Amino acid sequence: MKKNLFIPALFIAAIMFITMSFKTKIPSDLSKESIIPKPVSITATGDYFTLKKKSSIFVHVEADEIMQIGQYFADKLNGATGLSAKVKTASAEPGSGNIYLTLSNLDKKFGEEGYELTITKQLIKLTASKPAGIFRGIQTIRQIVTNNTISKKPGVLKIATGTITDYPEYSYRGAMLDVSRHFFGVDDVKQFIEFLAYYKMNALHLGLSNDQGWRIEIKSWPNLAIHGGSTEVGGGQGGYYTQEQYSDIVRYATERYITIVPEIDMPGHTNAALASYAELNCNGKATELYTGTDVGFSTFCTDKEITYKFIDDVFRELSAITPGPYIHIGGDESHSTKIEDYIPFVNKVQEIVASHGKQVLGWDEIALATLKPNSVAQHWANVSNAQKAVSQGAKVLMSPSTKAYIDMKYNPATSLGLHWAAYIEVDDAYNWDPATLIPGLGKESIIGIEAALWSETVTNLDEIEYMVFPRLPGYAEIGWTPSSMRNWDEYKIRLAKQEKWFNATGINFYKSPRVPWNDVK
Ligand code: TNX
């Protein structure tokens with residue numbers, strides 16, 4: 001008899017022990033959540049909200065656009081937790097146990113993308129002045145949920161209470177994907193956009209043309225895509241986006257409050273165009289397609305009238321399907337263009353872009369020309385070019401190749417990537433401040449930062465992921481979080497916790513020895 005009682009007692013004790021150890025896992029300190037980019041302010045209130053099977057996402061009735069964001073959020077939330085939360089409308093705060101998304105005029109400092117997240121025992125309430133702010137705030141909730149999800153088995157999820165107020169330091173936080181050296185299809189680009197969205201980035205710059213390939217259909221010059229897009233580095237079959245496919249990418253990005261910045265590089269890096277149309281060459285002869293990785297050998301014929309007619313046609317068609325403000329004109333490494341030809345060329349092209357209602361972005365060499373005040377020079381190599389841009393009253397986008405080129409190898413043993421600028425370990429990618437990197441170029445001259453993924457060595461999504469992760473979250477934080485709040489030793493712990501999301505998303509990432517992956521649970 002005694003013996004029989006012992007077993008149930010042991011069982012009860014075991015249950016109690018398990019329950020207690022679960023209790024210790026209940027988050028009760030919101031300020032300890034590993035959110036990237038680090039929010040501007042977190043105030044913890046020491047309790048927890050419970051997300052349950054019957055929790056719903058409520059959207060304030062008058063905010064149509066938020067309905068769509070709510071649906072996006074529901075898909076992500078349900079995917080991460082196994083729940084089946086529905087999106088509903090409400091005219092006031094919903095009852096206990098729900099999530100509420102609502103627009104309201106917050107202080108000016110929140111801007112378009114700022115948000116306030118208030119988590120009480122009863123409700124998760126996300127407020128922003130604009131839909132973009134709701135979208136960014138949702139990423140914060142997603143990250144908190146990911147951190148606290150034990151398994152995908154639907155069930156209760158505890159979320160620490162408190163308030164997060166958050167808004168970005170820089171207005172432009174982007175990445176570039178070179179789809180010219182190697183071509184990546186629409187689905188890969190969409191996946192890339194999802195990576196940016198999770199870390200609150202807001203710009204995707206697509207390198208749509210280069211020596212090795214032309215990747216966008218231009219109806220008035222069809223051979224660009226058909227011939228110019230028919231190969232890539234290494235001689236593979238290449239490819240291009242039809243205008244419809246490009247518009248699909250733009251739509252997908254827009255739904256995530258991400259601006260597409262299309263680049264047509266010129267006057268150098270133009271072999272794919274020169275191979276497609278003989279008349280663009282000074283000697284009237286089409287070049288051969290090129291599948292190597294040299295730079296600096298090609299140039300448009302800057303004194304032919306047809307060159308400008310061509311550029312006008314291309315930018316007219318591209319502007320019509322690009323809602324964002326920028327057209328990127330490249331302008332880098334034009335080693336085969338004489339400087340006395342390069343300067344008037346860039347000046348003319350700026351006029352063409354302006355005539356289609358767009359603003360010029362260009363690599364830092366464009367500062368050698370006379371910049372329009374709203375043109376932006378993208379700093380990648382030459383400090384004096386960046387300073388020249390600013391002295392002309394233009395702004396700068398920061399992509400220093402020694403820090404922000406994600407095509408650079410992590411270390412000498414990395415097989416993918418190049419290393420002409422530097423080896424960029426995860427801490428090198430994080431440990432810099434755009435506002436103090438270049439003498440005389442402070443925050444007021446900088447629109448933001450962009451990490452560039454050139455694709456000479458990168459051939460598929462798996463390889464993209466390896467170069468991008470885990471460096472990308474760091475660039476996102478540099479762009480969003482004030483530099484005074486950034487610190488590698490603290491950041492690396494939060495980065496280590498991202499492993500859960502990397503694994504859940506199936507991301508092939510570089511397991512840097514500088515990140516304490518195994519020390520955190
Ligand atoms: C330099 S950066 C380039 C690209 C290459 C890259 C490789 C810049 C504006 N031009 O053409 O792909 O280096 O890292």
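Student: Why is Lys200 called buried?
Tutor: Lys200 has a relative accessible area of 0%, and buried means under 20%, exposed over 50% and partly exposed in between, with a 1.4 Å probe and protein chains only, so Lys200 is placed among the buried residues. The model is predicted, so local features need pLDDT of at least 70 and side-chain atom pairs count only at pLDDT 80 or more, while totals for chains, interfaces and linings use all residues. Residues are numbered from 1 along each chain as its sequence is written, and side-chain values use heavy atoms, with hydrogens and water left out.

Student: Where is Lys200 placed, and what is its phi?
Tutor: Lys200 sits in the loop between α4 (186-198) and β9 (203-207), where helices (H or I, at least four residues) and strands (E, at least two) are DSSP runs numbered from the N terminus. Its phi is positive, about 65°, although Lys200 is not a glycine.

Student: Which residues does Gln139 touch, and why is Gln139 called buried?
Tutor: Not counting residues up to four places away in sequence, Gln139 touches Tyr72, Ala197, Tyr198 and Lys200, where contact means heavy atoms within 4.5 Å. Gln139 belongs to helix α3 (residues 131-148), and because its relative accessible area is 0%, it counts as buried.

Student: What makes Asp462 partly exposed?
Tutor: The relative accessibility of Asp462 is 45%, and this value therefore gives Asp462 the label partly exposed. Asp462 is in helix α13 (residues 461-468), and its C-alpha atom is separated by 25 Å from that of Thr81, which is 381 residues apart from it along the chain.

Student: Why is Pro516 called buried, and which residues is it in contact with?
Tutor: Pro516 has a relative accessible area of 14%, and so it is buried. Pro516 lies in the segment after α16, and, leaving aside neighbours within four places in sequence, it is in contact with Lys492, Ile493 and Ala496. The C-alpha atoms of Pro516 and Lys492 are 7.0 Å from each other, although these residues are 24 residues apart along the chain.

Student: Which residues of helix α15 are buried, and what covers them?
Tutor: In helix α15 (residues 488-497), the buried residues are Trp488, Tyr491, Arg494, Leu495 and Ala496. Among the elements that cover them are α12 (426-430), α14 (472-480) and α16 (499-505).

Student: How do you know that Asn487 caps the N-terminal end of α15?
Tutor: A side-chain oxygen of Asn487 lies 2.9 Å from the backbone nitrogen of Asp489. A polar contact is a pair of N or O atoms within 3.5 Å; within protein, one must be able to donate a hydrogen and the other to accept it, and residues adjacent in sequence count only if both atoms are side-chain atoms.

Student: Which residues are closest to the ligand?
Tutor: The ligand is surrounded by 13 residues, and the closest are Arg181, Tyr405, Asp407, Trp420 and Glu456; a residue is near a molecule or strand if one of its heavy atoms lies within 4 Å of it.

Student: What are the distances from the ligand to the side chains of Arg181, Glu333 and Asp407?
Tutor: An N or O atom in the side chain of Arg181 is 2.8 Å from a ligand oxygen, and a ligand nitrogen is 3.1 Å from an N or O atom in the side chain of Glu333. A polar side-chain atom of Asp407 lies 2.6 Å from an oxygen atom of the ligand. The ligand taken alone exposes 360 Å², of which the protein buries 97%.

Student: Why is Glu333 called buried, and where is it found?
Tutor: Glu333 has a relative accessible area of 17%, and it is therefore buried. Glu333 is found in the loop between β13 (326-330) and α9 (339-355), and it has a positive phi of about 45° although it is not a glycine.

Note on methods: Areas by Shrake-Rupley, 256 points an atom, 1.4 Å probe, with all protein chains shown as cover.
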